[in-house]
Amino acid sequence: MTKSGVTGKGIKGTLHGWLYLLPAMIFLGAFMVYPLIDVFVYSFEEGYNSASQSYFGVGSYNYGYVLRDRYFLQAIANTLILVIITVPVSTGLSLLISLALSSVKFLQKLFRTVFFLPYVTNTLAVGLVFMILFQKTEYTDGLVNLIIESFGWNAVDFISGPYWAKMLVLCVYVIWIVMPFKILILTSALASVNPVYYKAAKIDGTSPLRTFTKITLPMISPMIFYLVITGFIGAFKAYSDVVAIFGTNLNAAGMNTIVGYVYDMLYGDGGGYPSYASSAAIILFAIVLTITVVNLIVSRRKAYN
Amino acid sequence: MYRHMSRTAIGTGTSVRKHAVRTIMYIFLGIWAVIVLFPFYWMILTSFKSYASYMGEHLPKFYCSDPTFRNYVDAFTQVPLAKYFINTVVFTALTTALMLMVIVFAAYAFARLDFKGKNIMFVAFLALMMIPNELVIITNFVTITDMNLRNTFTGLILPSVTSVFYIYLLKENFEQVPDELYYAAKIDGTSDLRYLFKVLVPICRPTVITVIILKVIECWNSYVWPRLITDDPNYFLVSNGIQEIRENGFGRENIPAMMAAVVVVSIPLVILFLVFRNRIMEGISREGTKG
């Protein structure tokens with residue numbers, strides 16, 4: 001920061017600097033700063049009509065409308081269930097896998113590569129594969145159902161059947177999608193723990209469990225908290241993974257999420273209501289912000305203890 | 001590191017237990033590898049089954065006795081998969097190229113130039129990293145619609161031309177290049193622009209390449225924005241193209257043909273990943289830990 005370039009701080013130098021920043025500023029201004037302000041404006045404009053670009057008044061009607069809309073309430077319920085199931089399961093599972101991964105040497109690189117693969121795949125495309133694995137049609141019960149039947153249980157239609165069956169598929173897919181990132185972060189966190197600690201523990205004859213709870217866990221806990229926080233944020237914004245499994249008409253499937261509701265309000269069959277979409281988006285971020293702050297407070301407290 | 005633990009537990013050399021622990025680890029890792037790979041196996045397998053044999057299998061087979069390329073032919077002839085594919089390539093190339101220009105200039109200004117208001121501006125840029133896409137997409141949708149840019153590449157590309165995180169990543173790297181090079185270039189009468197493109201960018205090539213790859217992945221998989229901004233299939237990208245194929249293509253339930261399309265869509269990124277896997281994983285983990 002303190003490097004003083006040859007151009008110096010004169011007017012010419014200042015102009016020069018801003019000129020280099022200009023393209024980025026134009027794009028960020030037009031597509032990030034302005035929209036961020038505008039979304040609040042939209043959310044308070046009542047009866048906004050996108051064709052005539054006029055509105056009746058200013059107030060909180062949009063928020064009231066959205067909060068009473070049963071599709072929105074359904075979307076909130078779906079999103080909350082998704083968050084509550086996928087965040088703990090994926091974080092716990094990725095911790096186990098990362099621990100196992102760092103404990104082996106042979107084939108470690110291969111496993112690392114394989115485990116990361118879902119990260120680079122197209123969510124919509126692979127979602128289709130999950131759909132056919134779980135789908136029950138008149139031709140076939142699908143692979144997953146055949147496994148279920150082989151245990152003597154009854155086949156379930158996971159894609160258009162009972163609510164909890166659909167939720168299960170969705171959770172499985174979301175977990176499958178988010179695992180690579182978490183495994184990657186946790187394996188690098190585990191690798192960065194100073195081996196001196198382990199050597200010391202070994203000399204003292206510390207039990208593996210104690211080594212884990214007293215050395216490993218405290219050392220990687222900032223990364224675990226980070227993953228929990230980003231996991232919450234990500235799961236609250238779930239959308240394309242849901243579309244991948246259940247198609248674009250999520251309200252009909254009863255599987256809409258908050259973000260899905262926002263986009264449906266904006267565009268599509270029920271769309272054309274940027275004001276409702278804005279209110280819903282702001283409600284979503286009020287929720288996400290609250291949870292993130294609570295998470296941060298909890299993690300601070302834990303870290304100081 | 002678990003190895004250290006098991007060793008302490010065993011101490012005096014009950015190697016049976018050591019082997020048992022290791023075997024359990026491998027079984028566990030193997031199970032997860034199967035869960036990760038199985039969908040890929042299934043999509044490739046299904047894409048080679050003929051429609052008739054797929055429909056005839058009440059019990060899905062784990063192998064394919066009469067592999068056929070018919071589904072791949074169908075994927076390119078019955079639905080405009082090639083069009084979606086080319087659109088995505090064009091979209092990805094243009095977005096990435098434009099973004100690279102914008103962020104290289106910005107990163108250079110932050111890393112090397114000295115001007116009034118730079119520090120405040122940098123903090124403001126970092127603050128923008130916190131803004132979720134879902135909040136700004138509503139207005140962007142209205143903006144692009146009002147500008148009559150729906151169903152155009154311009155409309156698709158414009159909002160994703162800048163990325164604060166990549167500016168940050170490049171700036172950090174630019175700053176690591178010794179000042180002496182800059183002063184030497186200045187004394188030789190090299191302009192800032194020339195220095196940037198002839199010296200700085202080539203030196204920082206690894207980071208530039210990482211940024212390009214990450215952006216390509218992001219572009220290739222983008223779904224929400226293309227879905228909002230295009231309803232003319234001539235401008236569909238692979239993600240909404242796949243969705244379109246699923247809902248309206250191939251007639252009823254031609255799963256093998258759909259799987260062929262899915263394979264075609266997935267292959268470029270899988271190859272990219274296998275070639276650049278170390279760079280990609282390192283880049284993503286930096287994204288995770290923010291430097």
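A residue is called buried under 20% relative accessible area, exposed over 50%, and partly exposed in between, with a 1.4 Å probe and protein chains only. The model is predicted: local features need pLDDT of at least 70, side-chain atom pairs count only at pLDDT 80 or more, and totals for chains, interfaces and linings use all residues. Residues are numbered from 1 along each chain as its sequence is written, chains are lettered from A and ligands numbered from 1 in the order in which they are written, and side-chain values use heavy atoms, with hydrogens and water left out.

**Exercise 1. Determine whether Ser98(A) is buried or exposed, and describe its surroundings.**

Step 1. Ser98(A) lies in helix α3 (residues 70-103) of chain A; helices are DSSP runs (H or I, at least four residues), numbered from the N terminus.

Step 2. The relative accessible area of Ser98(A) is 0%, so the residue is buried.

Step 3. Leaving aside residues up to four places away in sequence, Ser98(A) touches Ile183(A), Leu186(A), Thr187(A) and Leu190(A), where contact means heavy atoms within 4.5 Å.

Step 4. A distance of 8.0 Å separates the C-alpha atoms of Ser98(A) and Leu184(A), which are 86 residues apart along the chain.

**Exercise 2. Determine whether Ile157(B) is buried or exposed, and list the residues that it touches.**

Step 1. Helix α8 (residues 153-157) of chain B contains Ile157(B).

Step 2. Ile157(B) has a relative accessible area of 6% and is therefore buried.

Step 3. Residues up to four places away in sequence not being counted, Ile157(B) touches Phe91(B), Leu94(B), Thr95(B) and Leu98(B).

Step 4. For Leu94(B), 63 residues from Ile157(B) along the chain, the C-alpha separation is 7.6 Å.

**Exercise 3. Describe how domain 1 of chain B meets domain 2 of chain B.**

Step 1. Chain B is assigned domain 1 (2-68) and domain 2 (73-289), with bounds from an automatic or database domain assignment.

Step 2. Nine residues of domain 1 of chain B are in contact with ten residues of domain 2 of chain B.

Step 3. Together these domains of chain B bury about 720 Å², 81% of it on carbon and sulfur atoms; buried area is the accessible area (1.4 Å probe) that two parts lose on being put together, summed over both.

Step 4. Met43(B), Ser47(B) and Tyr51(B) supply 56% of the area that domain 1 of chain B buries against domain 2 of chain B, more than any other three residues.

Terms used. Helix = DSSP H or I, 4+ residues; strand = E, 2+ residues; numbered from the N terminus.
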